[in-house]
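This briefing concerns charged side-chain pairs and their setting. Please consult the sequence and the model while reading.

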Amino acid sequence: MSDELRQIIPKSPAADETFAAYQATSEFYQEISYRQEFERYCRWYYMTAERHRQDLKKMKTEVNIFSWFRWGSR
């Protein structure tokens, strides 16, 4: 930038501080968003795992029809 323009448009130290504050705020909200998304995923994962455990427990008490076919082939 030429010296003439620097005299017309002086560099403001407040602009640097404002940009730094904006940058920090933006990163903060991005981090919050990532953590909330991860928390949602973890809740979904644990609920799905619990449902699968319950299904497995229920399946273990049911009669295994496929074992009848396997027993007859021996």
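In which helix do R40 and E37 both lie, and how many residues apart are they? Both belong to helix α2 (residues 13–61), where they are three residues apart, about one turn of the helix. The model is a predicted one, and a search of the whole structure finds four salt bridges. Three of these pairs are described below.

**The pair R40 and E37**
- A salt bridge links R40 to E37, with 3.5 Å between the closest N and O atoms.
- R40 has a relative accessible area of 44% and is therefore partly exposed, since this value falls between the 20% and 50% cut-offs.

**The pair E39 and R43**
- E39 and R43 form a salt bridge in which the closest N and O atoms are 3.8 Å apart.
- This separation qualifies because the criterion is a nitrogen-to-oxygen distance within 4 Å.
- Helix α2 holds both E39 and R43, which are four residues apart, about one turn of the helix.
- E39 counts as partly exposed, at 41% relative accessibility.
- R43 likewise counts as partly exposed, at 46% relative accessibility.

**The pair R53 and E50**
- The side chains of R53 and E50 meet in a salt bridge, with an N to O distance of 3.1 Å.
- R53 and E50 are three residues apart in helix α2, so about one helical turn separates them.
- E50 has a relative accessibility of 34% and therefore counts as partly exposed.

Conventions
Residues numbered from 1 in each chain as written. Predicted model: local features only at pLDDT ≥ 70, side-chain atom pairs only at ≥ 80, totals over all residues. Heavy atoms only, no water. Helix = DSSP H or I, 4+ residues; strand = E, 2+ residues; numbered from the N terminus. Buried < 20%, exposed > 50% of the residue type's maximum accessible area, 1.4 Å probe, protein only.
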